[in-house]
Amino acid sequence: MNRWGQARTIDALLALIVIVLGLSMVFRVYEFVKPRDSPALGDTAYTALASLDSRGYLAKAVYGEDPRLLEALLNSVIPAGYGYNCTVYGEDWNKLFSVEVRGYDPYKASSAVYILFGYNGTLSVRYVVLSISGG
Amino acid sequence: MRRRGQFYTAGAVALVILLLIHILTLPRVEYRPMEPGRARALRQMLESLTANALAYATRSSESSQYTSRASHFVSEALDRVDYRILRVESYRVEAGGGPGRAWARAEYVVEGNLYKVEASFAMSITGFRVYFSNYTLEYLADIRLYAEVDGRPCREVYVEETMLLDESLSVKSLTNLDNGTFIVVIGLGPMPPPEGSKLTLLVSDWRGVRVEVGVEV
């Protein structure tokens with residue numbers, strides 16, 4: 001009886017190890033495959049802003065405080081079928097102007113915040129927040 | 001004998017359990033790469049910052065002071081920016097220039113990543129002639145320029161000032177021939193320019209980085 005008891009204790013321990021290992025594997029695999037927020041929209045927003053800034057167009061629209069130019073520029077880089085809202089803020093996060101087109105849905109949107117540091121050697125911080133929805 | 005065997009088995013099982021506990025309690029290392037779009041945007045922001053710092057330096061000091069002026073600009077810009085959006089852990093900027101060129105190199109550490117960025121503007125005079133125009137009844141200087149931004153042909157330049165013998169001259173036209181080549185026509189007035197005098201142009205690229213080029217008439 002004593003030996004049986006020891007054997008069962010060892011069995012139980014081994015079973016416990018197998019269960020712990022199994023659970024650990026399941027959690028690790030879940031960590032790997034669990035659904036994450038799609039970065040595609042945010043990525044598109046960042047790419048659009050970087051692309052416009054690389055040629056100096058974004059600074060031209062933002063520092064010229066020209067919403068029409070900004071809208072035209074964004075329309076040229078954001079694929080059709082996406083709605084967007086682009087808001088420009090000053091250094092103290094005071095809203096300067098905003099552009100919203102094509103049925104933008106804030107509940108299904110991802111955003112990107114882009115910083116402009118100035119224009120033509122002058123220091124003037126602007127935050128450009130671009131939110132994109134749809135697709 | 002059997003008891004010894006059981007003892008060893010129990011010891012081995014205990015060791016395995018301890019080992020498992022140790023493995024399972026190790027700190028989890030998570031690799032979270034930055035999204036490609038954000039990484040690209042971050043690099044572009046830093047490139048624009050460096051170019052703007054160089055523009056500031058070329059507009060406010062001699063080339064020997066470009067490094068200190070550009071560093072000052074970057075420092076002030078990073079102080080002003082909201083740290084929740086961009087937190088630069090450290091940075092280093094150096095800049096320089098000479099006739100017809102200006103450059104800046106910078107390194108920024110952001111979120112543990114090192115970004116090395118550069119900004120440069122170079123311009124040279126590839127052709128020059130002075131002639132009398134029967135249309136405008138004055139002498140004109142026709143200057144062909146070649147400009148590069150960051151090592152690539154420049155798409156847009158601004159002639160900010162032209163000087164001959166400390167006198168400001170007017171720019172009649174600026175033609176973009178693509179591939180970084182531009183033709184500037186400058187009015188010299190009804191009298192021919194003195195021989196050997198130097199015509200100086202202050203030219204900037206679309207980011208505001210300014211260089212000076214000169215040609216002997």
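Colleague: How many helices and strands does the secondary structure of chain A come to?

Modeller: Chain A has four helices and four strands, where helices (H or I, at least four residues) and strands (E, at least two) are DSSP runs numbered from the N terminus. Along the sequence they follow the pattern α-α-α-α-β-β-β-β. This is a predicted model, in which local features need pLDDT of at least 70 and side-chain atom pairs count only at pLDDT 80 or more, while totals for chains, interfaces and linings use all residues. Residues are numbered from 1 along each chain as its sequence is written, and chains are lettered from A and ligands numbered from 1 in the order in which they are written.

Colleague: Why is H2(B) called oblique to H3(B)?

Modeller: Two packed helices are described by the angle between their axes and the distance between the axes. Axes are lines fitted to C-alpha atoms, for helices over the stretch in contact, and angles run from 0 to 180 degrees between N-to-C directions. Helix H2 (residues 36-60) and helix H3 (residues 66-80) of chain B have axes that come within 8 Å and cross at roughly 130°. Angles under 35 degrees count as roughly parallel, over 145 as roughly antiparallel, 65 to 115 as roughly perpendicular and the rest as oblique. H2(B) is therefore oblique to H3(B). Residues making this contact include Ala53(B) and Leu54(B) of H2(B), and Tyr66(B) and Ala70(B) of H3(B); two residues are in contact if their C-beta atoms, placed from the backbone, lie within 7 Å.

Colleague: Why is H2(A) called roughly parallel to H2(B)?

Modeller: Helix H2 (residues 40-54) of chain A packs against H2(B) at an angle of about 25°, with the axes 8 Å apart. That angle makes H2(A) roughly parallel to H2(B). Among the residues in contact are Leu49(A) of H2(A) and Gln44(B) of H2(B). By class, the contact has five nonpolar, seven polar and four charged residues; Ala, Val, Leu, Ile, Met, Phe, Trp, Tyr, Cys and Pro count as nonpolar, Asp, Glu, Lys and Arg as charged, and the others, Gly among them, as polar.

Colleague: Which helix supplies the largest share of the side of chain B that touches chain A?

Modeller: The contact takes 32 residues from chain B and 30 residues from chain A. On the side of chain B, the largest share, 13 residues, comes from H2(B). By class, that side has 18 nonpolar, seven polar and seven charged residues.

Colleague: Which residues touch the most other members of the largest nonpolar core?

Modeller: A nonpolar core is a set of buried Ala, Val, Leu, Ile, Met, Phe, Trp, Tyr and Cys residues joined through C-beta atoms within 7 Å. Of the 74 residues in the largest one, Leu49(A), Leu58(A), Val128(A), Leu130(A), Ala53(B), Leu54(B) and Ala70(B) touch the most other members. H2(B) gives this core its largest share, eleven residues.

Technical notes. Buried ≥ 20, exposed ≤ 12 C-beta atoms within 10 Å, placed from the backbone.
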